[in-house]
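The sequence and structure come first.

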Amino acid sequence: MISIIIAYYNSSSYLDRLAKCLDQQQNCEVVIVDDASQKDEADKLRHYVKRHGWSLVTHQYNQGPGAARNTGIAYATGEYLFFLDADDMIHPQTSLILERVIRAHHPDVITFDMVMKTPKRKIDYSMIPGADLGYVEPEYALAYTMSLTVGKCYRRQMIRQYNIVFGTMKRHEDTAFTKSALAVAHSVYNVPHKLYLYIVTPGSLVSSRENASVDSSFQALEAVMATAKEHRTQAVQYVYIVEAIISCAMKTRLLRMSRQQMRELFERFDRDQPGWYDNPYLRQASFRYRLIARLVNSRQYLALNALNLADSCARVLTGRS
């Protein structure tokens, strides 16, 4: 059985759609964690929980989506864990497809593709770029799998064995969980089907620019490195490159960092990961990632801020901001 874990906070406007989506799934346990919603929102949720037979756990105070998912993990009883955001949707046959993979292969992690829907367009994403149907070498999966919470299904015993949890910060809490799980997974099976519809909601934690920070990136990476220990060192270093170096470099303009602050941040990268620019996974990365890495390595501050400005404009045009 698969446990579908949903972090809920004042999301009653999506309950009808969510219920229809979940009713199409088979042999699933639904665990909803109400992260201290307002009373009227919580009352509406309880109505749906009773009608559809979901399991409900309630937080007494708001702790954020990471903590809510951790609570869901603690209460889940399924063999596999699947995370669904309350405002997103999944393909009607998602549970059937995943059950077939589980029965045939029993992998530690299953990955699958998604569609991101913004107010202006839809964008297809491969959860592991370049991966076909079947097993993916775990180190490659660790390096290149998108760090989003969604698009993955995890064997619960593995998660409990290594005490893998979500971070509690407002950003990158999913990186701490996803990459830690992939760092210890012995088998990763990819399903290149678009099973998840990721809906970018204006004003959400993901789309809000107010939650941008540098510290959350480093907090997430501390969790990943503590789990990985000395294993898969090159892939872990590439996770650092993407989730710290590239992620932070893309925020320098948004955070209004001075040249001195940028210099100090880039020096920290070099101290944390000596020789990072020669990482083999970086050589195979996208042109955009390689360009950002080159600008950081060569300390091209003005060029980096110009690139960030162009990226901000592109996000507005595509409805991602």
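On a 1 Å grid over the protein atoms alone, a cavity is a set of points where a 1.4 Å probe fits but cannot get out, whereas a pocket is an open set with protein on both sides within 12 Å along at least five of seven lines; lining residues have an atom within 4 Å of a point. Points are joined across faces, edges and corners, and a volume is the space filled by probe spheres set on them. This is a predicted model, in which local features need pLDDT of at least 70 and side-chain atom pairs pLDDT 80 or more, while totals for chains, interfaces and linings use all residues. Numbering runs from 1 along each chain as its sequence is written, and side-chain values use heavy atoms, without hydrogens and water.

The whole structure holds one cavity of 30 Å³ or more. Its lining consists of I2, I4, Q25, C28, F82, I90, T94, S95 and L98. Two or more of these residues come from each of β1 (2-8) and α4 (94-105); helices (H or I, at least four residues) and strands (E, at least two) are DSSP runs numbered from the N terminus.

The second largest pocket is lined by Y162, A183, V184, H186, A226, T227, A228, K229, H231 and R232. Here α7 (173-184) and α8 (215-228) each give two or more residues.

| Space | Volume | Largest share of lining |
|---|---|---|
| Largest cavity | About 30 Å³ | α4, three residues |
| Second largest pocket | About 180 Å³ | α8, three residues |

The pocket lining has five nonpolar, three polar and two charged residues.

Conventions. Nonpolar A, V, L, I, M, F, W, Y, C, P; charged D, E, K, R; others polar.
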